[in-house]
Each structure stands twice: as structure tokens, then as C-alpha cells.
Amino acid sequence: MPFAAVRDIQMYYEIRGAGPRLLYISGTGGDLRRSPNAFDSPLTEHFEVLAYDQRGLGQTDKPDTAYTMADYAADADGLLQAVGWDECLVMGISFGGMVAQEFALRYPSRVKRLVLGCTSSGGEGGASYPLHELASLSAEEWAKRVVELSDERRDAAWQAANAQEFQTLMDEMLAIRTMGVDEPGKIIGARRQIEARQEHDTYERLSQLNMPTLVCGGRYDGIAPVDNQEALLRQIPTAQMSLFEGGHLFFTQDPKAFEEIIAFFKDEAML
């Protein structure tokens with residue numbers, strides 16, 4: 001299992017696939033022991049993918065100190081140094097998209113092309129749903145709320161008409177909530193990551209980005225709604241936007257999503 005010394009932590013990472021180098025930054029609660037993850041996607045068929053557990057998550061260290069978005073960006077930079085990558089394609093999903101924005105702003109020479117999926121800028125561009133407000137809910141209540149937020153079509157009528165699918169989604173969310181709950185630092189790390197997420201705001205700085213950027217999301221996302229994607233599009237001079245038939249996990253719901261993301265990255269790879 002590969003670990004790298006990155007700044008003040010030991011970071012767990014994996015590299016798979018072949019082709020142009022691609023850094024994949026995962027979302028809230030991301031843990032490479034859980035599937036599906038970046039390596040279950042079509043990305044490894046086209047790229048050499050580097051994915052990792054972020055500070056406070058998965059198998060990476062979970063110090064009980066305040067985390068900032070600048071820390072998360074510096075962690076990504078430190079990991080690239082550790083594996084010897086000077087520059088790469090970058091894809092950030094949800095919270096990972098927030099980290100990717102901060103990373104691209106602070107280390108622009110590292111980023112060839114940027115994909116921001118189901119994410120938000122914060123500030124005047126709108127914040128993603130305040131997940132910290134769900135912390136006091138029971139596991140069942142939390143899972144139900146996340147299932148509903150992830151795709152706004154899943155209202156009470158949908159739940160009644162699709163009871164089996166709804167229960168499957170609930171079971172998946174409950175598994176995420178309880179995975180590794182007894183591991184040292186698990187609760188602390190998750191809380192510190194959510195606290196950093198609350199402070200995210202790149203909106204006024206996004207006009208500084210000049211690398212080709214694809215903003216993408218799901219039409220029915222209640223966590224990072226379409227308005228937030230449109231704000232990113234307005235602020236990033238080099239951005240284009242695509243919306244897909246799905247919610248927060250649009251890239252698993254609409255096969256066209258990864259097709260378009262891969263095509264966007266390959267425009268650069270083929271130059």
C-alpha cells in the first residue's frame with residue numbers, strides 16, 4: 001500500500017492506468033477502500049490516474065488541528081512532488097472540486113486542463129449544501145436526507161413508487177456513514193474536513209484561471225445546484241459547461257458524462 005510523506009501527514013494514494021497523467025481529487029468522505037471510486041470509472045482506460053485519500057479521510061493521517069482549503073491545495077501539490085509529477089490534468093468532484101479550484105489558483109503551472117464536477121465556488125457564486133447541518137441527525141435520518149439531496153427527483157412520491165431502489169440507496173449511504181467508524185481519528189478527521197468545506201470561497205479569484213476548464217454537473221443536484229455551476233462558468237474566462245441527466249452523482253447516472261470528460265481531457269493530450 002503506497003504512502004507518501006506530504007507536509008505534516010502520511011498520505012495514502014494509488015496510481016493506475018496508462019496515458020496522460022491525471023490527478024483525481026475526490027469528494028467529502030472520500031476513501032479509496034470504498035467502491036465505486038476513481039479506479040472504477042473509465043478514466044484508467046485512457047489516463048494514468050493518481051487518486052488519494054485527503055487529509056482527515058480514509059487511510060491518510062487525521063491530525064486534530066484546523067484544516068483549511070489552502071492546506072488541501074498544498075497537500076495535492078506535495079503529493080505531486082512526492083510522485084514526481086510536474087504537471088497533469090486535474091479532475092475534482094464535489095468537495096474535490098473545491099480543492100481543485102484552490103489548487104489551480106495557487107499552483108496554476110501544475111494544471112494542464114481542469115474538470116470541476118458538481119461543485120461550487122462559495123461566496124457570491126453560491127455554496128454547496130451545508131452538510132455540517134446534518135451532523136446531528138441519526139444515521140437513518142442522515143442517509144435519507146443525503147439520498148434526497150443527491151437527486152431532487154427523489155421526493156416522497158418517488159420513494160413510494162421506487163421502494164426497492166430507494167432502500168438500496170439508503171443501504172449504500174448507511175454503509176458510507178458507518179464504514180470505519182471505530183478507526184482512530186475517523187470522527188475527528190471527518191469533522192475537520194467538513195469545517196474546512198464551510199470556509200471555501202474562491203469566487204472573486206476565479207477570473208485568474210486561464211487553463212481550459214470544463215464545469216459539469218447534474219440537472220437535479222440538490223447539493224451543488226445548477227445555479228452554482230453557472231456561477232463558475234461566468235467567473236472562469238476559459239470555462240465551458242455541460243449538464244447531464246442526473247443529480248450529485250451525475251457521472252454514474254449518465255454514461256455521456258465520462259465520455260465528454262474524457263474527450264475534453266484528450267483535446268489537450270492529443271496536441
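Predicted model: local features only at pLDDT ≥ 70, side-chain atom pairs only at ≥ 80, totals over all residues.
**The chain as a whole**

The protein chain is built with nine helices and eight strands. Its radius of gyration is 18 Å, which agrees with the value near 18 Å that a compact globule of 271 residues would have. Taken along the principal axes, the box filled by the C-alpha atoms is roughly 50 × 40 × 35 Å. Of the 271 residues, 52% count as buried, while the accessible surface of the chain comes to about 11800 Å², with 49% of that area belonging to carbon and sulfur atoms. As for charge, the chain carries 25 positive and 41 negative side chains, and the centres of these two sets lie 2 Å apart.

**The nonpolar cores**

The largest nonpolar core has 37 residues, and those with the most contacts inside it are Leu 23, Tyr 52, Leu 79, Val 90, Phe 103, Leu 114 and Leu 209. At least two residues of this core come from each of β1, β2, β3, β4, α1 (69-83), β5 (88-93), α2 (95-106) and β6, and it is α2 that gives the most, with seven residues. Apart from this core lies another, of 26 residues, among them Leu 32, Leu 89, Ile 93 and Phe 258.

Leu 209, one of the residues with the most contacts inside the largest core, touches Ala 104, Leu 105, Leu 114, Ile 236, Pro 237 and Thr 238, when residues up to four places away in sequence are not counted.

**Backbone features in the loops**

In the loop between β3 (21-25) and β4 (48-52) one finds Pro 36, and the peptide bond leading from Ser 35 to Pro 36 is cis, with omega near 0°. Arg 7 sits in the loop between β1 (3-6) and β2 (9-16), and its phi is near 55°, a positive value in a residue other than glycine. Cys 118, which belongs to the loop between β6 (111-117) and α3 (139-150), also is not a glycine and has a positive phi of about 40°.

Is Cys 118 buried or exposed? Cys 118 is buried, because its relative accessible area of 0% is under the 20% cut-off. The table sets out the values for Cys 118 and three further residues.

| Residue | Relative accessibility | Class |
|---|---|---|
| Arg 7 | 47% | partly exposed |
| Cys 118 | 0% | buried |
| Gln 235 | 17% | buried |
| Phe 3 | 36% | partly exposed |

**Two residues and their surroundings**

Gln 235 lies in helix α7, which covers residues 226-235. Leaving aside neighbours within four places in sequence, Gln 235 is in contact with Tyr 203, Glu 204, Leu 206 and Ser 207.

Phe 3 has its place in strand β1. With neighbours within four places in sequence again left aside, Phe 3 is in contact with Gln 10, Met 11, Tyr 12, Tyr 13 and Gln 59. Between Phe 3 and Asn 210 there are 207 residues of separation in sequence, and the C-alpha atoms of these two residues are 32 Å apart in space.

Terms used: Residues numbered from 1 in each chain as written. Heavy atoms only, no water. Helix = DSSP H or I, 4+ residues; strand = E, 2+ residues; numbered from the N terminus. Rg over C-alpha atoms; globule rule 2.2 N^0.38 Å. Buried < 20%, exposed > 50% of the residue type's maximum accessible area, 1.4 Å probe, protein only. Areas by Shrake-Rupley, 256 points an atom, 1.4 Å probe, with all protein chains shown as cover. Lys, Arg positive; Asp, Glu negative; His and termini not counted. Charge placed at Lys NZ, Arg CZ, Asp CG, Glu CD. Core = buried A, V, L, I, M, F, W, Y, C linked by side-chain atoms within 4.5 Å. Contact = heavy atoms within 4.5 Å.
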